[in-house]
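Please read this note with the model open beside you, and follow each point on the structure as you go.

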Amino acid sequence: MGKLKSMGVILLLMSLSACSSTQSLQEYYVDNSENPNFLSVDLPVSLLNIEEANLTAEEKEALQSLSKLNVLAFKKNGTNEAEYKAEKTKVKTILKSDKFNELMRMNTEYGKATIKYMGEDDAVDEVVIYGDNAEKGFLLVRVLGDDMNPAHLMQFIKAVQKSDYKGEGLGELGEFIRG
């Protein structure tokens, strides 16, 4: 009876893993964290050194709801064009999943960006910022926090813009951003 039960558990685990053929964003981060084409950094929001004295009450609330940024940046160079295109396609496929809701698209001085989130409108689990630049590569940021909502993200973006933050203290990632 024990062997039969063990076989049943193994078959159940195999069928569960087969159901999810699409790579999750978290799996993508883990799979590429050691890839030499990528920069991978986990940052506390406090590293951004945003001066809270100059923030509105809404911006302070937004800042307090965020805890961590997981950043993955693909550094494009003269020899990795094929990898860049392949990785960009993988990320876009993951972000097209029904799990993600689009919040907004924008054009920046660095390139095009898309902001998406997972969860309900009033209970966001994770916010994802994706941007690419044909010359530099692409940047993928997972914003993690507590009781986030899309309005918080917009307030957070305003707070970062007020701070004139240019990637100081981020080393090679800061250079990628400033480029």
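1. Strands, here, are DSSP runs of E that are at least two residues long, and they are numbered from the N terminus. Please remember throughout that the model is a predicted one.

2. Is Asp 132 buried or exposed? Buried means under 20% relative accessible area, and Asp 132, at 15% relative accessibility, therefore counts as buried. The side chain of Asp 132 also makes a polar contact, at 2.9 Å, with the side chain of Tyr 130.

3. When neighbours within four places in sequence are left aside, Asp 132 is in contact with Tyr 84, Lys 88, Lys 92, Tyr 110, Gly 111, Lys 112, Gly 137 and Phe 138.

4. Two of these partners can be looked at individually. Lys 92 belongs to helix α4 and is partly exposed, its relative accessible area being 37%; if residues up to four places away in sequence are not counted, Lys 92 touches Tyr 130 and Asp 132. Although Lys 92 and Tyr 130 are 38 residues apart in sequence, their C-alpha atoms are 8.9 Å apart in space. Tyr 110, for its part, sits in the loop between β3 (100-107) and β4 (112-120), and with a relative accessible area of 35% Tyr 110 is partly exposed. The C-alpha atoms of Tyr 110 and Phe 138 are separated by 9.9 Å, while the two residues lie 28 residues apart along the chain.

5. Turning to the whole protein chain, we find six helices and six strands, which from the N terminus on follow the order α-α-β-α-β-α-β-β-β-β-α-α. Of the 179 residues of the protein chain, 37% count as buried. Among the contacts in the chain with a separation of 6 or more, 64% are between residues 24 or more positions apart.

6. Where the two helices meet, α2 contributes Leu 25, Tyr 28 and Asn 32, and α4 contributes Glu 87, Lys 90, Val 91, Ile 94 and Leu 95. The residues of this contact divide into five nonpolar, one polar and two charged.

7. In soluble globular proteins, nonpolar side chains tend to be buried together. In this model the largest nonpolar core has 15 residues, and those with the most contacts inside it are Leu 25, Tyr 28, Val 91, Leu 95, Phe 138 and Leu 140. At least two residues of this core come from each of α2, β2 (66-75), α4, β5 (123-133) and β6 (137-145), and the largest share, four residues, is supplied by α4. Apart from this core lies another, of 14 residues, which includes Val 45, Leu 66, Val 127 and Val 141.

8. With neighbours within four places in sequence left aside, Tyr 28 is in contact with Gln 23, Phe 38, Leu 72, Glu 87, Lys 90, Val 91, Ile 94, Phe 138 and Leu 140.

Definitions and conventions
Residues are numbered from 1 along each chain as its sequence is written. This is a predicted model: local features need pLDDT of at least 70, side-chain atom pairs count only at pLDDT 80 or more; totals for chains, interfaces and linings use all residues. Side-chain values use heavy atoms; hydrogens and water are left out. Contact means heavy atoms within 4.5 Å. Ala, Val, Leu, Ile, Met, Phe, Trp, Tyr, Cys and Pro count as nonpolar, Asp, Glu, Lys and Arg as charged, and the others, Gly among them, as polar. A nonpolar core is a set of buried Ala, Val, Leu, Ile, Met, Phe, Trp, Tyr and Cys residues joined through side-chain atoms within 4.5 Å. Buried means under 20% relative accessible area, exposed over 50%, partly exposed in between (1.4 Å probe, protein chains only). A polar contact is a pair of N or O atoms within 3.5 Å; within protein, one must be able to donate a hydrogen and the other to accept it, and residues adjacent in sequence count only if both atoms are side-chain atoms.
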